[in-house]
Every structure is written in structure tokens, then in C-alpha cells.
Amino acid sequence: MQHAPEPVPAPSYASSTVELGDLKRILVRRRFLILATAALLTLVTLLYGLFTPALYSSVAEIIIDPQDLQVVTNDVNPSRVPPDGGITMVESQVAVVQSTGVLLRAIQATNLTEDPEFNGQGGLLSHLLGSGSAETDKTANTLDALRRRLAVKRADKVLVIDVIVTAKSADKAAKLANAIAQAYLADQASARAQAATDASKSITARLDEQRRRVQQAENAVEAYKSANNMVMAAGNLVSDQELTEINTQLSAAQSRTAALKAQVDQLRRSGGAPDATSEAMRSSVISSLRAQEATLVDQVSQLGTELGPRHPSMIAAQQQLRDTRALIARELARIAAAAETDYERALANQQALEAKVAGMKSKSLDTDQASVRLRELQRDLEALRSVYATYLQRAQETREQINVDSTNARIISDAMPALKKSWPPLPLLLIGALFGGLGLGTGMALIAEYSSPTVLSRAQMESAIEAPVLGVLPAKTARRRWWPFGRSAAPAGAKTDAVAGLALRRLFAASRRPPNWPLVPSILVTSPPQDAAQRGRVARLLANAAAARGSRVLFIDSNAGSGKKEPQPGLLDVLRGEYAFEALSQRTPGSNVAVLGGGRPKAGVSEAQGVYFTQHMLAQAGHSFDLVVVDGGALADNLNVSPLVAMVDEIVLVATLNATPMHDVTAASQAISVMGRLPTAAMLVDEAA
């Protein structure tokens, strides 16, 4: 009696995972979930677009120049362009446009608190909640609603702000956008006017203090001058002015005295010819007398020639000449005496002035000591006067700037009523819903596959059972794939036979049968319960493939007859030793295949008895057959065939791609290992092929 090889311990199976290459199979299998999700989302979006009230958007454009209008030189808001060209400043104005102050101005200008669309009083929810109707609540609700309908944007690298308002009415949206733009300009003008007002008030408040300080400084200067007997005229001390004037007079007197002294000295040096002096030459009286003397000299000379020396006319002329010369001498003497007198008078005046200057200089020394402190007080006074004048001028300028708007912003495009609704964009929403539904459905399909993975590929199956996959059989009937990138399958017969034959060749090429093993070569085909049809098909294909190559095949269908009321004797009867299998096997006419049914399950088969008769059956079958193919069913539910599991050469596990759950494959593999063996190979069936 020959014994079967010792069972191999069951290994730990690697966890199966979903690979990226199996995405197509997942999508094909879960296609109804994906399509249903996309259809449902598209339908919901369509209903939303049809029943949602239309909204319209209008845009008002405001351009803001960072450099304000230079209306006055000393503006309270100085105009300076930032290093970034004003982009940051304009960006901050985007927040200003959306500020509460600007929006409240727009709400008040348009009386928006009475509009049910914005004041929160027109909805069913507000009536059900019974919210109060206070003015503050209406204003707050209107403000919140307007903020939700408002969008303020600035395009990149431009100084233009877009004010976008959305409302149920195109005219209302345009009206609100223009009102917000106007409210922004008014708010900016008001803010600048308020800044000028605050600055003017602050400066004016400082004016009184500056005026008081100037008065105190002036009183200090006057009190100091009074205490030191310092009289000012034209900004200078009178004593200083007098000293300056006397010094000037003294200089003039000294010059005159020196000139008169020189004249007197010249007269004294001339001796008996005083007429040679410059004073005599400049005297008109001397000049007249000299002319008269010259005339008389000519007359005397002429009369002396014509009449002789004793002629009365001659004597009269000579007497006139002597009288004229006497007058000249007296005039010269008078000039000399006058020069002496003028010199003495000038000298006396000089001496008097010198005495006065000397007295005033001694007095000025005392005054100079007091002037040091006076000049310090005067400098303080001038500084206070300058500050006071600056404050006074700045106060006048800021008061004038209150009424001057220097904001360099304007509306370049008024909002116009929109011709088309902005929401809901039904075509765009439908396209988004379609693709979003496909994406959501794909995600749900992947999640479902991850939570309950199925057999997706050869590699996954080989990793799960640690055995090779002999081949992938196409579907039983040829059909066209529904997937868009698929193509029609080839006829099932030729391709199926080729795969089955190749699988059979690979199976026995890797067989580990001992030499001279007396038992007939055998294959047991098993599968999870839901793959019963594919398992039976694979078992028959393997039997037919061997028979087609001339081998005599015994096909044992362990499930045949199990559903009949009176099953015929078969495998179970052989394993109980009640029948010889030669008497029960039925050869198909014209075929190399003999068939043995499942038998009558009237009593169970003991393990030892089953192994004995299985070994005996396979040894006897070796005389008549070349191969035994057993459809072992789902081993977890068919324990009666466990003796066959222990004795057959190959155990082939069948699964359907993209359909058989991986946990069922693992359960089937574990059922085989419990019976003392491991799967030696696997066959996959591709329903999409």
C-alpha cells in the first residue's frame, strides 16, 4: 500500500492589495455605482438650476491714484507715492470699500433696510423664528446680507478696484454697486475733512498757549529794559545810537580841525604874501578886486602915455589903484583872521566832543553787561514769535482744507444692469456635476474596493495563494465590451482551448511527482462557493484539453447528482468501498473522457477509509486512464472530498477576475491548508474578456 506525501504546513498568506494597473477592472466592475452617482448628482444640479431664483451681477470700477491732488502746499494728508507704486495702499482700499462705514452709507442712500431681499424679513425662516423687527436688527441683517452679495476685487498690477454686487434684479444690482462706489468716495472725502478738522482743532488749541508764552516773553524783555534803564529805538539802545552818532560827529570834527589847522599853517608860512593861498584864490571878492586892479593898471599906463603924470585923470586913476590894492590887503587880512577863528572854534568843538565820548564810553560799559541778558531774552522772544506765527498760519491752512477734497479717486465705469444672469450658470454646473459625479463615484468605487477587495490581476492572486496562475480564461460567450476603450472579444472556443491546453502543459511541467509513483496523475479543481459555474467549466476544459491531445481522462464531478431525489452511485460510494469505480465510470461515446458522478451522500466517509479507497481508486485508474480531473466543489462546504485533497497531485483554485472577493479566495486557500495541502496553481476567468 502506497501512502500520500506528507502534508506541507500552511504558510502565512500575504495581504492582497489593489494595484494601480487594476484601476480599469475596478471601474468596470463598479461602473453602475459610478454612473449612478454621476447621474444623481447631475439630476440634483439640474433641479437646483431650474428652481433656484436667478441672480444678476453688476460691476462698478474705481481708479485710485496713490498720489493725491496737491491743492495746497502744506496738506494735512501729504501726497507721497510708496516704493511699491501704491499697490499696497490700493489693496488696503479694497478692505475700506467693504468696511461697515461705507456699506452703511450705501444702505442709507438706497433705503436698503426696507428691501425684503436684504433685510432678512422676507424669508420663511424669519417668520417661523419670529425675529424682532427693531431697526437695529434690520440694519444688521441688511449689512450681513449685503456683505454676502458683495465682492471687491483688484486685478494684478492695476490700480482699479471692481465693486461687484449680486442681486435678484439686474437694476438693483447696478444701483447698489454705484451706491457703494459713491459711498466710498464720500467716505474718503469725509475722512480727509475730519482729519483736517481734528488737526485744525489741535493746532488752534495750541495757539492760546503759544500766544501766552509770547506775551510772557515780551513782558520779560520790557521789564528787564525798564529795570536797567535801557531805552530802545529802532530795535537798538538809545545810548548806543547816541554814542554812534557822537563818534560820527567827533570824526567829522577831527577832520575839520585838521583841515583848518593845515589852512592856518599855510597862511602863517606865506608871510607877506597871503594872496598866494588857495583861500585867496577861491575868494570872489579878491578875484573881483584883482580884476579891478588890473583894469586900473591898464588905465594908468594908458593915461600916463597919453596925458602925462600930472594930469588930473592920471592922478585920479592912480588914487583908485591905491584904494583897490588897500581893499585887497584888507580882504586878505580878513581871510587870514577868519581862518584863525575857524580853526580855534573847530578845535574847541573837537575837544568838547572828545570829552562827551569819553563820558558815554564809561556809561556804555555798564550798559553792555545788561545787554547780554537782554539779547538772550530777545532771542527767546523771536523764537516764540516764529513758532506762534507758524502755528497761526498752519491753523488758517488746515481750516481751509476742511472744505477741500484732495482724494485722487474717481469712478471710471458706472455699473450697468446685467443682460445675463450670473447665477446659477446651469451649463457650467451640469458639466461640473457630471465630472464631479464621475470623480465622486470613482472615489466611492475605490473605497468600496479597498474595503472589500476582489481578485483583480494575476500578481494579486499569486501573492494571495503563493502559487502560480496558469492562465486567464475568457468569458464563455463572445460579447462586445461596454467600456469605451475596449474592443470586441475573440471567439471563446479557440482562445479558451488554447489557454486550457497551455495551463495543462504548465501544470505538469512543474509537477513534483516522485519517480515510478503508482497513482494516476490527478488534478483537483476547487473554488469559492460563488464561482461554482466557472469551476465546473474550468474542470471540463482541462479534461477536454487533455482528451484532445489523446489522453484518456477520468472526470469526477463531486457535485453531480447532489440535487436529485434519488442520486446514482458515484464517488462517495467508491470512497465508502461500496462500489468499484470501474463499474460506475461512464465513458462518453466517441470521446476519451469517462465521467464519475458525486454519488449518494447517505452516510459520511471516514478519513482513514476515504484515504484508503482514494489511493486504491487512483491506483486502479492508472490501468485505464492517463489523467483524473476532479471537480472538487467548494472544499469548505464539501468535506467528503478531503481524502481526494490529500492524494491528488495538483490542486487548482479557480476565481473570477473583478468578481471573486479576496477574502473568499483566502478562505478557500485556508480550507485546503486545513486538509493538509496547499493550492499548487490557480486559474482565472475574465468575464470582461
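**Exercise 1.** Determine which residues of helix H4 (residues 100-110) are buried, and explain why they lie on the same side of H4.

*Solution.* In this helix, Val102, Leu103, Ala106, Ile107 and Thr110 are buried, where buried means under 20% relative accessible area and exposed means over 50%, with a 1.4 Å probe and protein chains only. Helices are DSSP runs of H or I with at least four residues, strands are runs of E with at least two, and both are numbered from the N terminus. Asparagine 111 follows H4 and has a positive phi, near 55°.

The model is predicted, with local features requiring pLDDT of at least 70 and side-chain atom pairs counting only at pLDDT 80 or more, while totals for chains, interfaces and linings use all residues. Residues are numbered from 1 along each chain as its sequence is written, and side-chain values use heavy atoms, leaving out hydrogens and water.

**Exercise 2.** Describe the largest nonpolar core and identify the residues with the most contacts inside it.

*Solution.* A nonpolar core is a set of buried Ala, Val, Leu, Ile, Met, Phe, Trp, Tyr and Cys residues joined through side-chain atoms within 4.5 Å. The largest has 34 residues, and Leu146, Val163 and Ile180 have the most contacts inside it. Among the elements giving two or more residues to this core are H4, helix H7 (135-149), strand E3 (160-167) and helix H8 (170-227), and H8 gives the most, with ten residues. Leaving aside neighbours within four places in sequence, leucine 146 is in contact (heavy atoms within 4.5 Å) with Leu103, Ile107, Leu112, Phe118, Leu176 and Ile180. A second, separate core has 28 residues, including Val520 and Met617.

**Exercise 3.** Classify the packing of helix H14 (residues 458-465) against helix H21 (residues 662-674).

*Solution.* The two axes, which are lines fitted to C-alpha atoms over the stretch in contact, with angles from 0 to 180 degrees between N-to-C directions, come within 10 Å and cross at roughly 40°. That angle makes H14 oblique to H21, because angles under 35 degrees count as roughly parallel, over 145 as roughly antiparallel, 65 to 115 as roughly perpendicular and the rest as oblique. The contact is made by Gln460, Met461, Ala464 and Ile465 of H14 and by Met662, Val665 and Ser669 of H21.

Notes
Arc of directions from axis to C-beta.
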